[in-house]
Amino acid sequence: MLQRLPAKMWTLCLQAALMATLARGSVSLRDNLVGRSQTSYNPSELSESKFLEYSNLSDKLHLREALGNIMIPRVVGSANHSIVRQYLVQSLRDLKWDVEVDSFHDHAPIMGKLHFHNIIARLNPKAERFLVLACHYDSKYMPGVEFLGATDSAVPCAMLLNLAYVLQDQLDSLKESKLSLMLLFFDGEEAFEEWGPKDSIYGARHLAKRWHHEGKLDSIDMLVLLDLLGAPDPAFYSFFENTESWYMRLQSVETRLAKFELLERYASSGIAQRDPTRYFQSQAMRSSFIEDDHIPFLRRNVPVLHLIPVPFPSVWHTPDDNESVIDYAATDNLALIIRLFTLEYLLGAK
Ligand SMILES: [Zn+2]
């Protein structure tokens, strides 16, 4: 399977070894995590009646409308980038989320000095703990090409906005609770010249560093990063041992939905080397190492769940990553699984 991975997927043994060393060397930090409650946090599975009630909540038209507003070329620094940012900020403020725009400057190859803006939306800004759902809203700079970045990452952004819209009543109590929800829209995920430590994930690097200095990283129960979603037949894997139990919850939500026949056109074209009947595959993938917005957080011991399909969509970083690649049935199914997982995590506590 690894030889089928596209270029962005770096199976960097060296870096994987480094991560293993970091993990081994941070026993005391891990112990702190135990004290921090998320490793012992074990909300109950949604009851059948709640599961069915929440499964009925959806608004596919809203998802498409949100996608239409986001899926335009939106390179950092462009007028469209501001338009998309303002759309995300205003939509979340309209839904009564507390929205902070984290602005900063950095230098990028080709572009020079750029003004970046991460969007941080919280239901309760005073909460002690957060489940964080994240994606990036910038699109890749491709001179001479109208690159729309449908899967990368307009669909994930639309899914998160749609989740906030569809679940507004169910999430209302989280405006007061100690455990709350945060949506994070990273800026500057894409490299401008060539992917590397100083040319990529500008927003995530800035925010992880800032929150580290402010002592805010401990309030993140888990960072769930969505990327490259929307194409047909996605296959996900568990990348990290410390979030595997949460990955298995996603699997379990998928299984329950399939059992009740609540997933649309739930079939696949049958690509080999994986279970064609599932999105969330049963085997773990520990040896691979994908560079994405989660890295600066992972390196600072924030638990990460990375929802990125392997292999990547075939249209990845090509002009064909546009609406024609979107499989709306798979997109709606995934959005539903993520909504139910979120509700189970946040509301299944008692
Ligand atoms: Zn990309």
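**Terms and values**

Author: Of the chain's 350 residues, 42% count as buried. A residue is buried if 20 or more other C-beta atoms lie within 10 Å of its own, exposed if 12 or fewer, and partly exposed in between, with C-beta atoms placed from the backbone. This is a predicted model, in which local features need pLDDT of at least 70, side-chain atom pairs count only at pLDDT 80 or more, and totals for chains, interfaces and linings use all residues. Residues are numbered from 1 along each chain as its sequence is written.

Reader: What is the mean pLDDT of the chain?

Author: The mean is 88, and 85% of the residues reach 70 or more. pLDDT is the predictor's confidence in each residue, from 0 to 100. Over residues 1-35, pLDDT stays under 50. For that stretch the model has 34 contacts beyond four places in sequence. A contact means that the C-beta atoms of two residues, placed from the backbone, lie within 7 Å.

Reader: How many helices and strands does the chain have?

Author: Ten helices and eight strands. Helices (H or I, at least four residues) and strands (E, at least two) are DSSP runs, numbered from the N terminus.

Reader: Why is L225 called buried?

Author: L225 has 26 C-beta neighbours inside 10 Å, so L225 counts as buried. The place of L225 is in strand 5, residues 220-226. Beyond four places in sequence, its contacts are A134, D292, D293, H294, V304, H306 and L307. L305 is 80 residues away along the chain, yet the C-alpha atoms of L225 and L305 are separated by 6.3 Å.

Reader: K96 and I201 both sit in loops. What makes each of them buried or exposed?

Author: The neighbour counts decide. K96 has 12 other C-beta atoms within 10 Å, so K96 is exposed. I201 has 24 other C-beta atoms within 10 Å, so I201 is buried. K96 lies between helix 5 and strand 1; I201 lies between strand 4 and helix 7. Both have a positive phi without being glycine: near 70° for K96, near 35° for I201. Most residues other than glycine have a negative phi, and most peptide bonds are trans.

Reader: Where are the cis peptide bonds?

Author: One joins D152 and S153, with omega about -5°. S153 is found in helix 6. Another joins V310 and P311, with omega about 0°. P311 is in the loop between strand 8 and helix 10.

Reader: How do you know that the buried residues of helix 4 line one face?

Author: The buried residues of helix 4 (residues 60-70) are L63, A66, L67 and I70. Seen down the helix axis, they fall within an arc of 100°, so they line one face of helix 4. The arc is that of the directions from the helix axis to the C-beta atoms. On the face turned away are the exposed residues L61 and G68. The cover over the buried residues includes helix 5, helix 6 and helix 10.

Reader: What makes a set of residues a nonpolar core?

Author: Its members are buried Ala, Val, Leu, Ile, Met, Phe, Trp, Tyr and Cys residues joined through C-beta atoms within 7 Å. The largest such core here has 95 residues. Those with the most contacts inside it are V132, A134, C157, A158 and L223. Setting aside neighbours within four places, C157 is in contact with I70, L88, C135, Y137 and F185.

Reader: Why are strand 1 and strand 8 at the edges of the sheet?

Author: Six strands form an open sheet in the order 1-2-4-3-5-8, with mixed pairing. Strand 1 and strand 8 each have a single partner strand, so one side of each is left without a neighbour in the sheet. On average, neighbouring strands are turned by 20° against each other, direction ignored.

Reader: How do you know that strand 1 and strand 2 pair?

Author: Two strands pair if DSSP finds at least two bridges between them. Eleven bridges join strand 1 to strand 2, and the two run antiparallel. A108 stands opposite G112 in strand 2. The two strands form a hairpin with three residues between them. Strand 2 and strand 4 are joined by four bridges, also antiparallel. I119 has F185 in strand 4 as its bridge partner.

Definitions and conventions:
Axes fitted to C-alpha atoms, helices over the stretch in contact; angles between N-to-C directions.
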